[in-house]
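Student: Could we go through this structure together? I would like to start with a term that I keep meeting.
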Amino acid sequence: MADRLSRRRFLGASATSVAALWPAGTAAKPAAAGRLRQSVCRWTLPGALPEVCQRVRTLGLGAIDLLHSDEWEAARAAGLTCSMGYASRREHFIENGFNDPANHAMLIEELSAAIPLAARAGVPNVIAMFGNRRGLSDAEGVANCTAGLARVAPVAEKHGVTVCVELLNSKVDHPDYQGDHTAFGVAVMEKVGSPRIKLLYDIYHMQIMEGDVIRTVGQHRQWIGHFHTGGVPGRHDIDDTQELNYHAIAEAIADGGFGGYIAHEFTAKGEPYAGLAAACRICRV
């Protein structure tokens, strides 16, 4: 999600040529291949959406993440899947989540409207949030999230679209966010018990909060429907300047039989498309 840098602000940056990804005189080779389906979060890449989609395709990616419903067709026209869609453009999307029953009617209405549209557009996942704690105990938060998401589950199951609820860190980027540990999210998933309500496991956020990524992912793989990447610290490139071995993480995810998407969500220190190409190669297993 929008960590330190506003997605909307970043989208205004100017684009540069995809030819910069390869030395002069060499053929462009797709960076994304192998056992994992890789994607990229739209907000991390500058330029108009049709251009972004074309350049993403050049890298060999088949999907783009975090698009609104009025953007899904542009992705399809470029031959891409929207791997994770938004149900609304609502402000305070992160803070106002399923842990507060006062939000349930709004959230259920949003998702119930968006899920059939996503199914028709070939969008496999839509994103949701646990919400800010605001004094709630974990037991209260789990109970409230379970009650709300259980009401969404039948619609998601009917249309074959997965609602992915994101785990975020409360230490650096999202103070007071309640779904800040895997255990909290898993407790909700176990109680809802639906194959169409899953976790969006953001590796960047969970490394900040708890680490132990490979073991945690292996232990709870049945509850994870989607991944986001990002280098720690700073949510920059997932190269050897940060503290995680993303190739090993990608290999563990693939070895566990994960069939969803792993979407890159970081702000590159250098040219964005070059950074994305490098990330795709690191996660190619």
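This is a predicted model: local features need pLDDT of at least 70, side-chain atom pairs count only at pLDDT 80 or more; totals for chains, interfaces and linings use all residues.

Student: Okay, so are F130 and F184 buried or exposed?
Tutor: Both F130 and F184 are buried.

Student: How many aromatic pairs are there in the whole structure?
Tutor: The search finds four aromatic pairs. F130 and F184 form an edge-to-face pair, with 5.4 Å from centre to centre and 90° between the planes. This pair links distant parts of the chain, 54 residues apart: F130 is in the loop between β4 (125-129) and α5 (138-159), while F184 is in helix α6 (residues 182-192).

Student: And what about Y201 and F227, why is that pair edge-to-face?
Tutor: Their planes are at 65° and their ring centres are 5.8 Å apart, so the pair is edge-to-face; the cut-off for that class is over 60 degrees.

Student: Which parts does that pair tie together?
Tutor: Y201 lies in strand β6 (residues 197-202) and F227 in strand β7 (residues 224-229), so parts 26 residues apart in sequence are tied together. Y201 and F227 are both buried. Ring pairs also link Y201 and F227 with F258 in a cluster.

Student: New topic: which residues have the most contacts inside the largest nonpolar core?
Tutor: They are F130, L149, V163 and I203, in a core of 90 residues. Helix α4 (residues 104-121) gives the most to this core, namely seven residues. In soluble globular proteins, nonpolar side chains tend to be buried together.

Student: Where does the charged end of R55 sit?
Tutor: It sits over the ring of Y273, at 3.8 Å from the ring centre. Elsewhere, R37 lies over the face of Y261, 4.2 Å from the centre of that ring.

Student: Why is Q54 called partly exposed?
Tutor: Q54 has a relative accessible area of 46%, so it is classed as partly exposed, a class that runs between 20% and 50%. Q54 lies in helix α2 (residues 49-58). Its C-alpha is 8.9 Å from that of L80, although Q54 and L80 are 26 residues apart in sequence.

Student: Last one: how many residues line the second largest pocket?
Tutor: There are 16 lining residues, and N125, T162, G225, G259 and G260 lie nearest the centre of the pocket. The lining has five nonpolar, seven polar and four charged residues. About 230 Å³ of space lies in this pocket.

Terms used. Residues are numbered from 1 along each chain as its sequence is written. Side-chain values use heavy atoms; hydrogens and water are left out. On a 1 Å grid over the protein atoms alone, a cavity is a set of points where a 1.4 Å probe fits but cannot get out, and a pocket is an open set with protein on both sides within 12 Å along at least five of seven lines; lining residues have an atom within 4 Å of a point. Grid points are joined across faces, edges and corners, and a volume is the space filled by probe spheres set on the points. Ala, Val, Leu, Ile, Met, Phe, Trp, Tyr, Cys and Pro count as nonpolar, Asp, Glu, Lys and Arg as charged, and the others, Gly among them, as polar. Rings of Phe, Tyr and Trp (its six-membered ring) pair if their centres lie within 6.5 Å; planes under 30 degrees apart count as stacked, over 60 as edge-to-face and the rest as tilted. Helices (H or I, at least four residues) and strands (E, at least two) are DSSP runs, numbered from the N terminus. Buried means under 20% relative accessible area, exposed over 50%, partly exposed in between (1.4 Å probe, protein chains only). A charge sits over a ring if NZ of Lys or CZ of Arg is within 6 Å of the ring centre and within 35 degrees of the ring normal. A nonpolar core is a set of buried Ala, Val, Leu, Ile, Met, Phe, Trp, Tyr and Cys residues joined through side-chain atoms within 4.5 Å.
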